[in-house]
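Take a look at the model below. We will walk through it step by step, from the whole chain down to single residues.

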Amino acid sequence: MVDRAYNVTESHITRTKGLSGGKSVITGTRIRVQDVYMWHEMAGRSADKIAADHELTLSQVYAALTYAFDNLEAIQQDIRESDAFVENL
């Protein structure tokens, strides 16, 4: 019997207006979830490598990936918006 489910993303992921363009970030950092997703899925970097390169814990990286896959459409939209912003510059 489960007394209370633990929401791993709730403790590791935040979204604050004005911080990193209002995108979802790893709590206490400016590292966007979409960046972790792209590093892992598009660049093929392991969770261990991402954690080491950005001074994150594995829990933070896996929480970001969990959040990304749970909200994949929104994350992919964030990526498209960021790409369009850069293109317009």
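Helices here are DSSP runs of at least four residues, and strands are runs of at least two, both numbered from the N terminus. By that count, the protein has 5 helices and 2 strands. Keep in mind that this is a predicted model.

Start with the order of the elements. From the N terminus on, they run α-β-β-α-α-α-α. Next comes the overall extent. The C-alpha trace spans about 55 × 30 × 25 Å along its principal axes. The protein has 89 residues, and 34% of them count as buried. Its accessible surface comes to about 5,900 Å². Carbon and sulfur atoms hold 51% of that surface. Now consider contacts between residues with a separation of 6 or more. Of these, 46% link residues 24 or more positions apart.

Now zoom in on one strand. Strand E2 covers residues 24-26 and contains Val 25. Is Val 25 buried or exposed? Buried means under 20% relative accessible area. Val 25 has 1% relative accessibility, so it counts as buried.

H2 spans residues 33-42 and H4 spans residues 58-70. Their axes are 9 Å apart and meet at an angle of about 95 degrees. Angles of 65 to 115 degrees count as roughly perpendicular. H2 and H4 are therefore roughly perpendicular to each other. From H2, the contact uses Val 33, Val 36, Tyr 37, His 40 and Glu 41. From H4, it uses Val 61, Ala 64, Leu 65, Tyr 67, Ala 68 and Phe 69. By class, this contact has 9 nonpolar, 1 polar and 1 charged residues.

Finally, turn to helix H3, residues 47-54. Ala 47, Ile 50 and Ala 51 are buried there. Seen down the axis of H3, the buried residues fall within an arc of 100 degrees, so they line one face of the helix. What do they pack against? The buried residues of H3 pack against H2 and H4. On the other side of H3, Asp 48 and Ala 52 are exposed. After H3 comes Glu 55, with a positive phi near 55 degrees.

Terms used: Residues numbered from 1 in each chain as written. Predicted model: local features only at pLDDT ≥ 70, side-chain atom pairs only at ≥ 80, totals over all residues. Heavy atoms only, no water. Axes fitted to C-alpha atoms, helices over the stretch in contact; angles between N-to-C directions. Parallel < 35°, antiparallel > 145°, perpendicular 65-115°, else oblique. Contact = heavy atoms within 4.5 Å. Nonpolar A, V, L, I, M, F, W, Y, C, P; charged D, E, K, R; others polar. Buried < 20%, exposed > 50% of the residue type's maximum accessible area, 1.4 Å probe, protein only. Areas by Shrake-Rupley, 256 points an atom, 1.4 Å probe, with all protein chains shown as cover. Arc of directions from axis to C-beta.
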